[in-house]
Amino acid sequence: MRNIRVGTRNSQLAVIQTKQVIRQLKQAGMNDPVTIKKIATTGDRHLNVSLPKLGGGVFFQELEQALLAEDIDFAVHSLKDITEPPPDDLVIAAIPEREDCRDAYVANDHTPFDELPEGAIIGTSSLRRSAQLLAKRPDLETKWIRGPVDSRIEQMQRGDYDAIVLAVAGLRRLGIAQDVITEYLPADTFVPALGQGALAIECRKNDRDIRDMLRLIHDPLTAKAVRAERLFLQSFQAHDQAPIAGVAQVDEHGDIVLNGAVIAYDGQTILQTTKRGASEEHIAKEAAEALIAEGAMDIIEAAERELHK
(Lines give C-alpha, C1' and ligand atoms only; values in the text may rest on other atoms or scores of the structure.)
Protein backbone atom coordinates (compact mmCIF):
# COMPACT_ATOMS: atom_id res chain seq x y z
CA MET A 1 0.00 0.00 0.00
CA ARG A 2 1.38 3.39 -1.02
CA ASN A 3 0.16 6.82 0.04
CA ILE A 4 -0.01 8.63 -3.30
CA ARG A 5 0.50 12.40 -3.35
CA VAL A 6 -1.17 14.28 -6.20
CA GLY A 7 -0.18 17.81 -7.14
CA THR A 8 -2.57 20.39 -8.54
CA ARG A 9 -2.89 24.14 -8.95
CA ASN A 10 -4.83 25.64 -6.08
CA SER A 11 -7.78 26.96 -8.10
CA GLN A 12 -11.25 25.52 -7.56
CA LEU A 13 -11.37 24.13 -11.11
CA ALA A 14 -7.93 22.53 -10.89
CA VAL A 15 -8.83 20.79 -7.63
CA ILE A 16 -12.11 19.52 -9.09
CA GLN A 17 -10.28 18.19 -12.15
CA THR A 18 -7.82 16.41 -9.89
CA LYS A 19 -10.60 14.83 -7.84
CA GLN A 20 -12.23 13.61 -11.05
CA VAL A 21 -8.96 11.95 -12.10
CA ILE A 22 -8.69 10.29 -8.69
CA ARG A 23 -12.25 8.96 -9.04
CA GLN A 24 -11.43 7.57 -12.49
CA LEU A 25 -8.35 5.84 -11.10
CA LYS A 26 -10.34 4.30 -8.24
CA GLN A 27 -12.99 3.09 -10.69
CA ALA A 28 -10.18 1.53 -12.73
CA GLY A 29 -8.94 -0.42 -9.70
CA MET A 30 -6.58 1.84 -7.72
CA ASN A 31 -6.85 1.04 -3.99
CA ASP A 32 -4.03 3.20 -2.57
CA PRO A 33 -4.90 6.18 -0.34
CA VAL A 34 -4.48 9.56 -2.02
CA THR A 35 -3.49 12.98 -0.67
CA ILE A 36 -3.98 16.15 -2.73
CA LYS A 37 -1.29 18.82 -2.50
CA LYS A 38 -2.33 22.29 -3.73
CA ILE A 39 0.48 24.33 -5.27
CA ALA A 40 0.26 28.02 -6.24
CA THR A 41 1.85 28.59 -9.64
CA THR A 42 3.30 31.80 -11.06
CA GLY A 43 0.18 32.27 -13.18
CA ASP A 44 -2.05 31.95 -10.12
CA ARG A 45 -0.04 34.40 -8.03
CA HIS A 46 0.18 37.21 -10.60
CA LEU A 47 -3.40 37.74 -11.74
CA ASN A 48 -2.79 41.41 -12.53
CA VAL A 49 -0.30 40.56 -15.31
CA SER A 50 -1.36 39.37 -18.78
CA LEU A 51 -0.27 35.85 -19.71
CA PRO A 52 1.97 36.91 -22.63
CA LYS A 53 3.94 39.19 -20.31
CA LEU A 54 4.38 36.43 -17.73
CA GLY A 55 5.95 34.14 -20.33
CA GLY A 56 5.69 30.39 -20.80
CA GLY A 57 5.31 27.69 -18.17
CA VAL A 58 3.44 29.85 -15.67
CA PHE A 59 0.86 27.20 -14.79
CA PHE A 60 3.04 24.10 -14.51
CA GLN A 61 6.67 24.82 -13.60
CA GLU A 62 6.08 24.69 -9.84
CA LEU A 63 4.25 21.37 -10.21
CA GLU A 64 7.16 19.94 -12.19
CA GLN A 65 9.59 21.14 -9.54
CA ALA A 66 7.53 19.33 -6.89
CA LEU A 67 7.65 16.15 -8.99
CA LEU A 68 11.42 16.37 -9.42
CA ALA A 69 11.84 16.97 -5.68
CA GLU A 70 9.59 13.92 -5.02
CA ASP A 71 7.16 16.04 -3.00
CA ILE A 72 4.33 14.65 -5.16
CA ASP A 73 3.91 11.46 -7.22
CA PHE A 74 1.94 12.85 -10.14
CA ALA A 75 0.43 16.15 -11.25
CA VAL A 76 -2.82 16.91 -13.05
CA HIS A 77 -2.63 19.70 -15.65
CA SER A 78 -4.97 21.26 -18.17
CA LEU A 79 -3.21 20.09 -21.31
CA LYS A 80 -3.42 23.48 -23.03
CA ASP A 81 -1.30 24.93 -20.18
CA ILE A 82 1.60 22.58 -21.00
CA THR A 83 3.51 24.74 -23.43
CA GLU A 84 6.89 22.99 -23.28
CA PRO A 85 8.08 19.36 -23.37
CA PRO A 86 8.59 17.80 -19.90
CA PRO A 87 12.12 17.73 -18.43
CA ASP A 88 14.07 14.55 -19.18
CA ASP A 89 13.15 12.93 -15.85
CA LEU A 90 9.39 13.52 -16.26
CA VAL A 91 6.77 12.17 -18.66
CA ILE A 92 3.13 12.77 -19.58
CA ALA A 93 1.92 9.32 -18.57
CA ALA A 94 -1.79 9.66 -19.35
CA ILE A 95 -4.27 11.80 -21.23
CA PRO A 96 -7.82 10.83 -20.18
CA GLU A 97 -10.83 11.08 -22.45
CA ARG A 98 -11.40 14.66 -23.49
CA GLU A 99 -14.22 16.86 -22.25
CA ASP A 100 -16.10 19.22 -24.63
CA CYS A 101 -13.47 21.29 -26.46
CA ARG A 102 -15.71 24.22 -27.41
CA ASP A 103 -15.73 27.77 -26.08
CA ALA A 104 -18.76 29.20 -24.31
CA TYR A 105 -20.22 32.69 -24.58
CA VAL A 106 -21.48 33.81 -21.15
CA ALA A 107 -23.45 37.06 -20.92
CA ASN A 108 -25.21 39.14 -18.31
CA ASP A 109 -28.96 38.52 -18.55
CA HIS A 110 -28.13 35.87 -21.19
CA THR A 111 -28.08 38.55 -23.89
CA PRO A 112 -27.50 36.78 -27.25
CA PHE A 113 -24.17 37.58 -28.88
CA ASP A 114 -25.82 39.12 -31.96
CA GLU A 115 -27.92 41.39 -29.71
CA LEU A 116 -25.07 42.91 -27.69
CA PRO A 117 -25.14 46.70 -28.14
CA GLU A 118 -22.38 48.42 -30.08
CA GLY A 119 -19.37 49.01 -27.84
CA ALA A 120 -20.24 46.22 -25.42
CA ILE A 121 -17.22 44.82 -23.54
CA ILE A 122 -16.33 41.14 -23.66
CA GLY A 123 -13.71 39.80 -21.26
CA THR A 124 -11.13 37.25 -22.36
CA SER A 125 -7.53 36.36 -21.52
CA SER A 126 -6.92 34.95 -24.99
CA LEU A 127 -5.82 36.78 -28.12
CA ARG A 128 -7.28 33.87 -30.11
CA ARG A 129 -10.72 34.43 -28.60
CA SER A 130 -10.48 38.20 -28.91
CA ALA A 131 -9.59 37.96 -32.60
CA GLN A 132 -12.46 35.60 -33.39
CA LEU A 133 -14.93 37.76 -31.48
CA LEU A 134 -13.84 40.86 -33.39
CA ALA A 135 -14.08 38.96 -36.67
CA LYS A 136 -17.79 38.43 -35.98
CA ARG A 137 -18.51 41.77 -34.26
CA PRO A 138 -15.86 44.44 -34.96
CA ASP A 139 -18.09 46.97 -33.20
CA LEU A 140 -17.46 45.30 -29.82
CA GLU A 141 -14.59 45.89 -27.40
CA THR A 142 -12.54 43.04 -25.95
CA LYS A 143 -10.81 43.54 -22.62
CA TRP A 144 -8.30 41.37 -20.76
CA ILE A 145 -9.64 39.42 -17.81
CA ARG A 146 -7.67 37.15 -15.46
CA GLY A 147 -8.47 34.91 -12.53
CA PRO A 148 -10.27 31.64 -11.83
CA VAL A 149 -13.53 30.87 -13.62
CA ASP A 150 -15.74 31.82 -10.66
CA SER A 151 -13.87 35.12 -10.27
CA ARG A 152 -14.36 35.97 -13.96
CA ILE A 153 -18.07 35.30 -13.72
CA GLU A 154 -18.28 37.55 -10.63
CA GLN A 155 -16.41 40.34 -12.44
CA MET A 156 -18.94 40.12 -15.27
CA GLN A 157 -21.94 40.05 -12.96
CA ARG A 158 -20.82 43.17 -11.11
CA GLY A 159 -20.73 45.05 -14.42
CA ASP A 160 -17.05 45.11 -15.36
CA TYR A 161 -17.92 43.23 -18.57
CA ASP A 162 -21.08 42.67 -20.57
CA ALA A 163 -20.02 39.13 -21.42
CA ILE A 164 -17.05 36.77 -21.21
CA VAL A 165 -15.81 33.73 -23.11
CA LEU A 166 -14.76 30.61 -21.21
CA ALA A 167 -14.00 26.98 -22.00
CA VAL A 168 -17.06 24.75 -21.91
CA ALA A 169 -14.96 22.00 -20.30
CA GLY A 170 -14.21 24.05 -17.20
CA LEU A 171 -17.83 25.09 -16.75
CA ARG A 172 -18.99 21.50 -17.09
CA ARG A 173 -16.42 20.23 -14.61
CA LEU A 174 -17.54 22.91 -12.17
CA GLY A 175 -21.14 21.80 -12.67
CA ILE A 176 -22.39 25.25 -13.70
CA ALA A 177 -22.52 25.01 -17.51
CA GLN A 178 -26.29 24.70 -17.69
CA ASP A 179 -26.78 27.78 -15.50
CA VAL A 180 -24.27 30.21 -17.01
CA ILE A 181 -23.70 29.38 -20.69
CA THR A 182 -25.64 31.68 -23.01
CA GLU A 183 -24.34 30.17 -26.27
CA TYR A 184 -22.05 27.30 -27.23
CA LEU A 185 -19.62 28.55 -29.89
CA PRO A 186 -19.26 25.98 -32.72
CA ALA A 187 -15.73 24.58 -32.94
CA ASP A 188 -15.73 24.73 -36.75
CA THR A 189 -16.32 28.49 -36.89
CA PHE A 190 -15.01 29.59 -33.47
CA VAL A 191 -11.93 27.40 -33.38
CA PRO A 192 -10.82 26.48 -29.83
CA ALA A 193 -7.38 26.50 -28.27
CA LEU A 194 -5.13 23.58 -29.12
CA GLY A 195 -5.60 20.91 -26.46
CA GLN A 196 -8.64 22.60 -24.90
CA GLY A 197 -10.80 20.25 -22.83
CA ALA A 198 -8.06 17.66 -22.33
CA LEU A 199 -6.06 16.88 -19.18
CA ALA A 200 -2.43 15.77 -18.99
CA ILE A 201 -1.15 13.69 -16.08
CA GLU A 202 2.59 13.97 -15.47
CA CYS A 203 4.86 11.83 -13.30
CA ARG A 204 8.50 10.82 -12.90
CA LYS A 205 9.77 8.72 -15.77
CA ASN A 206 11.38 6.14 -13.49
CA ASP A 207 8.27 5.59 -11.32
CA ARG A 208 6.97 2.46 -13.02
CA ASP A 209 4.19 1.82 -10.49
CA ILE A 210 2.66 5.26 -11.00
CA ARG A 211 3.08 5.09 -14.77
CA ASP A 212 1.34 1.70 -14.92
CA MET A 213 -1.47 2.98 -12.73
CA LEU A 214 -2.01 6.13 -14.80
CA ARG A 215 -2.10 4.11 -18.00
CA LEU A 216 -5.42 2.67 -16.79
CA ILE A 217 -7.19 5.94 -17.62
CA HIS A 218 -5.22 6.88 -20.75
CA ASP A 219 -7.40 7.43 -23.83
CA PRO A 220 -5.46 6.71 -27.05
CA LEU A 221 -7.91 8.53 -29.34
CA THR A 222 -7.75 11.74 -27.30
CA ALA A 223 -3.97 11.45 -27.12
CA LYS A 224 -3.72 11.05 -30.90
CA ALA A 225 -5.95 14.06 -31.58
CA VAL A 226 -4.23 16.43 -29.15
CA ARG A 227 -0.79 15.34 -30.35
CA ALA A 228 -1.74 16.48 -33.85
CA GLU A 229 -2.93 19.80 -32.42
CA ARG A 230 0.26 20.37 -30.44
CA LEU A 231 2.46 19.51 -33.41
CA PHE A 232 0.44 21.98 -35.48
CA LEU A 233 1.16 24.73 -32.94
CA GLN A 234 4.85 23.82 -32.74
CA SER A 235 5.16 24.12 -36.51
CA PHE A 236 4.84 27.89 -36.21
CA GLN A 237 7.49 28.22 -33.46
CA ALA A 238 5.27 30.92 -31.99
CA HIS A 239 4.44 32.13 -28.50
CA ASP A 240 1.71 29.97 -26.96
CA GLN A 241 -0.50 33.07 -26.66
CA ALA A 242 -0.35 33.72 -30.43
CA PRO A 243 -3.73 33.71 -32.24
CA ILE A 244 -3.36 30.11 -33.42
CA ALA A 245 -6.31 27.77 -33.00
CA GLY A 246 -7.01 24.17 -33.87
CA VAL A 247 -8.98 21.09 -33.04
CA ALA A 248 -8.51 17.51 -34.22
CA GLN A 249 -10.74 14.47 -34.09
CA VAL A 250 -10.15 10.83 -34.92
CA ASP A 251 -12.85 9.51 -37.25
CA GLU A 252 -14.34 6.03 -37.46
CA HIS A 253 -11.60 4.95 -39.86
CA GLY A 254 -8.81 6.00 -37.51
CA ASP A 255 -7.91 9.05 -39.60
CA ILE A 256 -7.21 12.39 -37.94
CA VAL A 257 -9.19 15.41 -39.13
CA LEU A 258 -7.46 18.65 -38.12
CA ASN A 259 -9.12 22.06 -38.42
CA GLY A 260 -6.47 24.75 -37.92
CA ALA A 261 -6.66 28.53 -38.02
CA VAL A 262 -4.52 31.65 -37.64
CA ILE A 263 -6.43 34.86 -36.92
CA ALA A 264 -5.23 38.48 -37.14
CA TYR A 265 -5.41 40.15 -33.72
CA ASP A 266 -8.06 42.61 -34.97
CA GLY A 267 -10.14 39.83 -36.50
CA GLN A 268 -9.87 41.27 -40.00
CA THR A 269 -8.12 38.24 -41.49
CA ILE A 270 -8.78 34.57 -40.75
CA LEU A 271 -6.74 31.83 -42.39
CA GLN A 272 -8.27 28.39 -41.93
CA THR A 273 -7.63 24.90 -43.29
CA THR A 274 -8.81 21.34 -42.72
CA LYS A 275 -6.51 18.36 -43.31
CA ARG A 276 -7.12 14.63 -42.99
CA GLY A 277 -4.65 11.77 -42.63
CA ALA A 278 -3.36 8.86 -40.57
CA SER A 279 -0.18 10.50 -39.26
CA GLU A 280 -0.22 13.24 -36.63
CA GLU A 281 3.09 14.59 -37.88
CA HIS A 282 2.02 14.63 -41.50
CA ILE A 283 -1.31 16.42 -41.12
CA ALA A 284 0.08 18.92 -38.59
CA LYS A 285 2.88 19.83 -40.99
CA GLU A 286 0.55 19.92 -43.99
CA ALA A 287 -1.95 22.18 -42.23
CA ALA A 288 0.73 24.55 -40.95
CA GLU A 289 2.44 24.78 -44.33
CA ALA A 290 -0.87 25.58 -46.03
CA LEU A 291 -1.47 28.51 -43.67
CA ILE A 292 2.14 29.71 -43.80
CA ALA A 293 1.87 29.83 -47.59
CA GLU A 294 -1.12 32.17 -47.16
CA GLY A 295 0.80 34.54 -44.86
CA ALA A 296 0.26 33.09 -41.39
CA MET A 297 3.69 34.12 -40.10
CA ASP A 298 3.05 37.79 -40.89
CA ILE A 299 -0.22 37.59 -38.91
CA ILE A 300 1.48 35.88 -35.95
CA GLU A 301 4.36 38.37 -35.86
CA ALA A 302 1.97 41.33 -36.00
CA ALA A 303 -0.10 39.85 -33.16
CA GLU A 304 2.95 39.29 -30.98
CA ARG A 305 4.07 42.90 -31.52
CA GLU A 306 0.61 44.02 -30.42
CA LEU A 307 0.75 41.80 -27.32
CA HIS A 308 4.06 43.25 -26.17
CA LYS A 309 3.28 46.93 -26.71
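User: Among contacts between residues at least 6 apart in sequence, what share joins residues at least 24 apart?

Analyst: This is a predicted model, so the figure describes the prediction. A contact here means heavy atoms within 4.5 Å. Among the contacts in the protein between residues at least 6 apart in sequence, the share that joins residues at least 24 apart is 68%.

User: How many helices and strands does the protein have, and what radius of gyration?

Analyst: The secondary structure consists of 12 helices and 13 strands. The C-alpha trace spans about 60 × 45 × 40 Å along its principal axes. Because a compact globule of 309 residues would have a radius of gyration near 19 Å, the value for the protein agrees with that rule: 19 Å.

User: What percentage of the residues counts as buried?

Analyst: The accessible surface of the protein comes to about 14,100 Å², and 45% of it belongs to carbon and sulfur atoms. Buried means under 20% relative accessible area. Of the 309 residues, the part that counts as buried is 52%.

User: How far apart are the mean positions of the positive and negative charges?

Analyst: The protein has 36 positive and 48 negative charges.

User: What is the distance between the end C-alpha atoms of helix α1, and which residue with a positive phi follows α1?

Analyst: Helix α1 covers residues 12-27, and its 16 residues should span 22 Å at 1.5 Å a residue. The end C-alpha atoms are 23 Å apart, which agrees. Buried residues in α1 include L13, V15, V21, I22 and L25. The residue that follows α1, with a phi near 120°, is G29.

User: Which elements do the buried residues of α10 pack against?

Analyst: Helix α10 runs over residues 220-234; its 15 residues should span 21 Å, and its end C-alpha atoms are 21 Å apart, so the two agree. In α10, T222, A223, A225, V226, A228, E229 and F232 are buried. The elements that the buried residues of α10 pack against are β11 (244-250), β12 (256-263) and α11 (280-293).

User: Is T273 buried or exposed, and which residues does T273 touch beyond four places away in sequence?

Analyst: T273 lies in strand β13, residues 270-277. Its relative accessibility is 11%, so T273 counts as buried. Leaving out residues up to four places away in sequence, T273 touches L258, N259, G260, A287, A290 and L291.

User: What is the phi of E70, and where does E70 lie?

Analyst: E70 is not a glycine, yet its phi is positive, near 65°. At 48% relative accessibility, E70 counts as partly exposed. The place of E70 is the loop between α4 (61-68) and β3 (74-78).

User: Where does D109 lie, and is D109 buried or exposed?

Analyst: D109 also has a positive phi, of about 60°, although it is not a glycine. Its place is the loop between β5 (103-107) and β6 (121-124). With 76% relative accessibility, D109 counts as exposed.

User: What distance separates the C-alpha atoms of G170 and K19?

Analyst: G170 is in helix α7, residues 168-174. With a relative accessible area of 6%, G170 is buried. G170 and K19 are 151 residues apart along the chain, and their C-alpha atoms are separated by 14 Å.

Key:
Residues numbered from 1 in each chain as written. Predicted model: local features only at pLDDT ≥ 70, side-chain atom pairs only at ≥ 80, totals over all residues. Heavy atoms only, no water. Helix = DSSP H or I, 4+ residues; strand = E, 2+ residues; numbered from the N terminus. Rg over C-alpha atoms; globule rule 2.2 N^0.38 Å. Buried < 20%, exposed > 50% of the residue type's maximum accessible area, 1.4 Å probe, protein only. Areas by Shrake-Rupley, 256 points an atom, 1.4 Å probe, with all protein chains shown as cover. Lys, Arg positive; Asp, Glu negative; His and termini not counted. Charge placed at Lys NZ, Arg CZ, Asp CG, Glu CD. Expected span 1.5 Å × (residues − 1).
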